[in-house]
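Keep the viewer open as you read, and take the points in any order you like.

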Amino acid sequence: MWSRYNAAVVREELAVLARHGCNVTRSFCFWPDFVPEVERLDEDVLARFTDFLDAHVEAGLGTIPTIVVGHMSGENWDPAWRQGRDLYRDAWLVSQQAWLAHELARRFGGHEAVVGWLLSNEMPLYGGPAASEDVVAWARALVEAIRSAGATQPISVGDGAWGVEVTGRDNGYSLRALSPLVDFLGPHSYPMLDDPVRQSLAAAFACELAGGFGTPVVLEEFGVSSDFAADDHAADYYRQVLHTSLLAGARGWLAWNNCDYDDLWEEDPYRHHVFELHFGLTDRAGRPKPQLEELSAFASLVRELSRSGWERVAGDAALVVPEHFERVLPFTDDAFRSDLGADLLQGYVAAREADLPIGLLRERDGLPDTARLYLVPSAKLLTGPGLLRLQALATGGATVYASYFAGSTPYQRGPWLTWLDEIFGIRHRLRYGLVDPIEDEEVVLELVEELGDLGVGTLLRFHVAGTPSARSYLPVEPAGARVVAVDGHGRPALLRHELGSGTTFFCTYPLEHMAARTPSVNPEDTWRLYDALATLAGVSRPVRVDDPRVFVGRVRGGARETVLFVNSSSDTVQAEPVVAGGEALVPSGTLTIGPYGVAVTRRSINPTIRSAPAGVAALAAGERRDAQL
């Protein structure tokens, strides 16, 4: 773009984005073009970039320059003078990257169009994985270079948030380690899964996992190539991702990308990655695709929310993220973290289907006593301190649920749990080295005791899936617990134990794991179990529906809440809101929600005004930047 800059085309494209409610772009300072020789910026390129920034001001947009760009769309490029030097550990090459960051910030940090900075574009694909201390040192050098030049805009890394805390795979880009250095964290999400509901919630779940480190989350990249999805289906995907990630706490959104690139079909990387030509919000002629219309509608919603500031309502129910997911602890198998990620996502799906105000809490952080219900899906791996903390939470009045999982591999097969008798009131009857296989293709649980809104005799059905190790149950006998449900063979399947002023529940089947390994399974009956547990625990759900296809979530701003009803199905749904306490929704009555559609209502609340988290204002407030990124 910088070697054949067309100012008129740039302005045409920015005008289309502005007309559709967009207020920011992300721009790439392509390293080989910007720095053709060591410590020499190309003045012609800088002049074009200046015009690019000026064009943003004319259109009423901002931009986030991305500094070290050596990767994009399936290929890496180096400045000729790099000569194979290590991007993280070579002191000279790190100094060259810091020099570029400083010079760009010095020249453009005062420009009205610049609203943020990204250090890189998907640096793990360019520099590769590295030790966390090397990645942090590299990031610190570039952040300090920007700040030393006087730039004050928010900064993030641009790595995609693909570190161990989000993916379970350690590439060195630890969000724990990087979050103190930056002003927002930016997941890049391009899931390809085997269940429509998991697919629509995967980006939101990435935002949830990136949250919790005291730093706002921006969904920094998401989108779909028109070669991978028809444009009407792509628009459905955009609608789902935008609204569910809002409910997951995202503070900004950057779609990949602006326009289609058909005229570049002979050039790398598009020559060999031809699907990369068609991620655009507009086609090759600049005509808006349905995806851009979805972004426009969402921009209107976020502008309205921004007038009084907003925060998502969550946390009365908690999904526990085991320490084993976010740390590669000694002598553990990579499959453990893969299973944990899949099982947590499926647990998140079930919680959303039950309209729980779900938040993620990390075992490594000690599990605060902020929730009424703690869910530990398919709990093979917990630490000693984590187990004792769950016991203390239950003793103090919370409800704690866990389900059994032997693991998907033969390695140390069985639950890495202890104190089952003290915490859950059960005694297991395992035989060493063996599993107790699930013999049926469907697990049926029958309630023998009332649970929440589920009466005696209620049947819950679950498809069986997984490896031979995973397709197993835990034989138990009560040791203080009461049997709430039995399986089809009359064995205890769900047990309840009163502990102090709270309650623990243990399920002897890996419900979430079996669902996670089953294609096109959702909605399945785990949501009914979670719904009943939430009722028993007293989880606040002032608005919900009894249809698992519709997710209900709330966003609070000032003296009112905006309630979103997200239809996760291809059906037109007649949703009947269940409103607690006689409060009124506006509009009220039955909601007709089209396939993958969203309905928005509002309700008044007691005026407890809470400000947005620190660091958000520059991204989410102000007359020009108050909509989506």
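1. Are F34 and F49 buried or exposed? Both of them are buried. Please keep in mind throughout that this is a predicted model.

2. Searching the whole structure turns up 26 aromatic pairs. In the pair made by F34 and F49, the ring centres are 5.7 Å apart and the planes stand at 75 degrees; an angle over 60 counts as edge-to-face, so that is the name for this pair. The two partners come from distant parts of the chain, with F34 in helix 2 (residues 31–34) and F49 in helix 3 (residues 43–59), 15 residues apart. They also belong to one aromatic cluster, which is formed by W2, Y5, F34, F49, F52 and F108.

3. R82 lies over the face of Y126, 5.4 Å from the ring centre. R491 is placed over the face of Y473, and here the distance to the ring centre is 4.1 Å.

4. Now for the nonpolar cores. The largest has 143 residues, and W117, W138 and W253 are the ones with the most contacts inside it. Helix 9 (residues 196–210) supplies the largest share of this core, 9 residues. Apart from it lies another core, this one of 30 residues, including A371, L382, A402 and Y404.

5. W138 deserves a view of its own. Setting aside residues up to four places away in sequence, W138 touches L87, Y88, V94, Q97, L119, S120, M123, V157 and Y173.

6. How do two packed helices get described? For helix 13 (residues 334–353) and helix 17 (residues 526–537), the axes come within 8 Å and cross at roughly 65 degrees. Their crossing is right-handed. To see where they meet, select G347, A350, A351 and E353 in helix 13 together with T526, W527 and Y530 in helix 17.

7. Last, a visit to V566, which lies in strand 26 (residues 560–567). Its relative accessibility is 0%, and buried means under 20%, so V566 counts as buried. Which residues is V566 in contact with, leaving aside its neighbours within four places in sequence? They are Q240, H243, T244, L247, R549, V550, F551, G597 and V598. V566 and I593 are 27 residues apart in sequence, while their C-alpha atoms are 8.1 Å apart in space.

Technical notes
Residues numbered from 1 in each chain as written. Predicted model: local features only at pLDDT ≥ 70, side-chain atom pairs only at ≥ 80, totals over all residues. Heavy atoms only, no water. Phe/Tyr/Trp six-rings, centres within 6.5 Å; stacked < 30°, edge-to-face > 60°. Helix = DSSP H or I, 4+ residues; strand = E, 2+ residues; numbered from the N terminus. Buried < 20%, exposed > 50% of the residue type's maximum accessible area, 1.4 Å probe, protein only. Lys NZ or Arg CZ within 6 Å of the ring centre and 35° of its normal. Core = buried A, V, L, I, M, F, W, Y, C linked by side-chain atoms within 4.5 Å. Contact = heavy atoms within 4.5 Å. Axes fitted to C-alpha atoms, helices over the stretch in contact; angles between N-to-C directions. Left-handed = near helix turned anticlockwise from the far one by under 90°.
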